[in-house]
Amino acid sequence: MIGRKLLLVSNPHSRRGETILAPATEVLTAAGHQIIPAVCNTAADILPAILAEADEIDGVVVAGGDGTMNAAARALVLTGLPLGVLPSGTANDLARTLGIPEDPVKAAGIIAAGHSRRIDLGEVNGHYFFNVASIGLAADLAQKLTRQTKRRFGRFGYAIAALKTLAGARPFSAEIVNKDERIMVKTLQIAIGNGRFYGGGMAVESSAAIDDSHLDLYSLEVERVWKLALMLGSFRSGRHGLWEEVRTARCTQFDVFTRRPRPINLDGELMTSTPAKFSIRPGAIIVYAPAP
């Protein structure tokens with residue numbers, strides 16, 4: 001295979017960022033690829049870093065977590081450059097969805113091999129997401145899950161922040177609209193998924209895929225928060241829709257309205273708020289992924 005010129009975008013604040021760059025770079029250069037490093041201290045630095053090199057490179061490799069991948073999405077849509085994923089965050093749900101291991105040598109080997117596939121992007125109010133956009137519990141969790149907590153405790157930090165979130169959880173009223181219906185709900189969370197995994201390994205829906213050209217929605221209409229403990233296993237498998245307290249729907253577009261603006265968590269970052277218009281962009285991005 002002819003060597004490619006790859007821009008390696010790294011986030012120095014990601015939990016494992018420093019430990020994966022050297023072995024990953026070694027694998028890629030050994031395969032004949034030229035690496036151009038781009039250290040981005042904030043999410044806002046990623047778009048201009050990619051656009052500045054777009055005419056000179058053949059692909060973009062992003063080392064970071066789901067938030068860092070999300071920050072690269074707009075540049076990838078604008079340039080059409082393929083994405084290589086080096087997971088080094090806390091949850092790494094995009095990597096999990098794509099079947100990319102967290103081991104940097106194995107992840108870099110997938111990029112070096114060069115097999116690619118097209119995947120969808122979710123969009124809400126002009127912002128993109130790979131995994132899930134959530135209103136309610138997950139957005140509250142994102143506010144409590146600080147960078148310091150993630151770096152210190154890793155995935156255990158999710159559990160710490162989740163306990164704090166659940167302790168103060170209160171349902172809210174919302175209107176959900178799609179092409180088939182308009183419904184009013186009282187819910188703890190509305191989640192709309194593009195990929196398969198979110199929240200460190202929870203499944204959006206048992207049959208969800210990141211290239212199926214539609215969005216999967218669920219509304220968590222539980223009256224007693226303690227019941228969530230009984231439902232945990234079904235969320236891991238994506239079969240939570242079997243519970244009568246969980247409303248599910250599948251469509252290409254959803255609108256969500258709330259009485260007052262509520263923040264929306266996109267791939268672990270709060271980026272916009274309700275009212276919200278969700279849509280799907282089929283095949284919007286090319287990614288390096290394991291061969292089928």
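Biologist: Asn125 lies in the loop between β5 (116–124) and β6 (127–129). What is the phi of Asn125?

Modeller: First, the ground rules. Residues are numbered from 1 along each chain as its sequence is written, and side-chain values use heavy atoms, with hydrogens and water left out. This is a predicted model: local features need pLDDT of at least 70, side-chain atom pairs count only at pLDDT 80 or more, and totals for chains, interfaces and linings use all residues. Strands (E, at least two residues) and helices (H or I, at least four) are DSSP runs, numbered from the N terminus. Now the general idea: most residues other than glycine have a negative phi, and most peptide bonds are trans. Asn125 has a positive phi, near 50 degrees.

Biologist: Where does Asp267 lie, and what is its phi?

Modeller: Asp267 is in the loop between β16 (263–266) and β17. Its phi is positive too, near 55 degrees.

Biologist: Which peptide bond is cis?

Modeller: The bond from Thr274 to Pro275 is cis, with omega near 5 degrees. Pro275 sits in the loop between β17 (269–273) and β18 (276–288).

Biologist: How many helices and strands does the chain have?

Modeller: Nine helices and 18 strands. Buried residues make up 52% of its 292 residues.

Biologist: How do I read a core, and which residues of the largest nonpolar core touch the most other members?

Modeller: In soluble globular proteins, nonpolar side chains tend to be buried together. A nonpolar core is a set of buried Ala, Val, Leu, Ile, Met, Phe, Trp, Tyr and Cys residues joined through side-chain atoms within 4.5 Å. Here the largest has 48 residues, and Val9, Ile50, Leu86 and Phe130 touch the most other members. Helix α3 (residues 66–79) gives the largest share of this core, six residues. Apart from it lies another core, of 22 residues, among them Ala133, Ile183, Phe254 and Ile264.

Biologist: Which residues is Ile50 in contact with?

Modeller: Contact means heavy atoms within 4.5 Å. Leaving aside neighbours within four places in sequence, Ile50 is in contact with Leu7, Val9, Val60, Ala72, Ala75 and Leu81.

Biologist: What does Val77 touch?

Modeller: Val77 lies in helix α3. Not counting residues up to four places away in sequence, it touches Leu121, Tyr128, Arg281, Ala284 and Ile285. Val77 and Ile286 are 209 residues apart in sequence, yet 9.1 Å apart in space, C-alpha to C-alpha. Val77 is partly exposed because its relative accessible area is 22%.

Biologist: How many contacts, as a percentage, join residues at least 24 apart?

Modeller: Among contacts between residues at least 6 apart in sequence, 73%.

Biologist: Which residues line the largest cavity?

Modeller: Rolling a probe the size of a water molecule over the atoms shows where empty space is left. On a 1 Å grid over the protein atoms alone, a cavity is a set of points where a 1.4 Å probe fits but cannot get out; lining residues have an atom within 4 Å of a point. The lining here is Ile176, Asn178, Glu181, Ile183, Leu217, Arg247, Thr248 and Ala249. Strand β14 (residues 246–251) supplies the largest share, three residues.

Note on methods:
1 Å grid on protein atoms, 1.4 Å probe; cavity = no way out; pocket = protein on both sides within 12 Å on 5 of 7 lines; lining within 4 Å. Buried < 20%, exposed > 50% of the residue type's maximum accessible area, 1.4 Å probe, protein only.
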